Amino acid sequence: EESTIKIGAIFPLSGSNSDNGWHAVNGAQMAIDEINANGGVASMGGAKLELVTADNLSDANQCKAVAERLLESTDLTAAIGAGSSAFVLPMLPVFEKASVPFVTAQTSDSITNQGYKYVFATAAKASEWAQTQIDFIAWLNESFDLGLDKVGIIYENTEWGNTQGQSSVDLAEAAGLEVVYNESFPAGLSDASSLIAGLKASGANIVIPTCYTQDAKTIKTAMDSMAYDPVIMGGGGGFLYPAFADEFGDD
């Protein structure tokens, strides 16, 4: 009889980060379908993979309990998740205690620097993420003589946002750019007008934001309402997702 390898997938399937969560779950299911259609896991006698999903409700306070319930109810071989570094961190001790490998694409440095043996990250760390953004700004200036020299850095006040935001400041300054605005904001921003007013007053001609889709849309809407049109150098988060492009079209 063929064995089945159950992989937990804990993502935000409802709430403010649900677009992110569904992309991840659908992508994982596509990969599993392809593996299973091609004979399963060859090194394990053709064992088939099964994705077992759980909703963390886009709420960091719920994540530990969601992980515990999934482990109690399902014989998991491993798990993936969780849509945000803030959702990952509360779950790490749960999987470590259960000796179940947990693999994430989230980027906070704190995920892998705590000494856990069963935690694995596949992406660049948040402290390293902004380097490509800074390199791209340099390329834009060299290629098109845009004169982008005054940087505004805004970021959600979370583990991921604070780490990546500070990294953006450090790397921008090291590249000889002037950081004229550096401000965090609460995730789930209802009104970005004061944030954008500060950015506009600072003279920032390029903005590096760190946030998810809802806040990305709120920020862009406020920029439009104030006729403030800097270059936006998105780096992960909400600027990657179709919902942002759907909202603003050709912009």
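Two strands count as paired if DSSP finds at least two bridges between them. In this predicted model, strand S1 (residues 4–11) and strand S3 (residues 78–81) meet that criterion, with four bridges joining them in a parallel run.

Four strands form an open sheet with parallel pairing, and their order is S7-S6-S8-S9. Because strand S7 (178–185) and strand S9 (231–232) each have a single partner strand, they stand at the edges, and one side of each is left without a neighbour in the sheet. Between strand S6 (residues 150–156) and strand S8 (residues 206–210), which run parallel, there are five bridges. Within this pairing, valine 151 is found opposite isoleucine 206 in S8. Helix H7 (residues 193–202) packs on the sheet and touches S6, S7 and S8. The direction of H7 makes about 175 degrees with that of S7. As a general point for reading such strands, side chains in a regular strand alternate between the two faces of the sheet.

Turning to a helical position, alanine 31 lies in helix H1 (residues 18–37). Its relative accessibility is 37%, so alanine 31 counts as partly exposed, a class that falls between the limits of 20% and 50%.

Notes:
Residues are numbered from 1 along each chain as its sequence is written. This is a predicted model: local features need pLDDT of at least 70, side-chain atom pairs count only at pLDDT 80 or more; totals for chains, interfaces and linings use all residues. Side-chain values use heavy atoms; hydrogens and water are left out. Helices (H or I, at least four residues) and strands (E, at least two) are DSSP runs, numbered from the N terminus. Contact means heavy atoms within 4.5 Å. Axes are lines fitted to C-alpha atoms, for helices over the stretch in contact, and angles run from 0 to 180 degrees between N-to-C directions. Buried means under 20% relative accessible area, exposed over 50%, partly exposed in between (1.4 Å probe, protein chains only).
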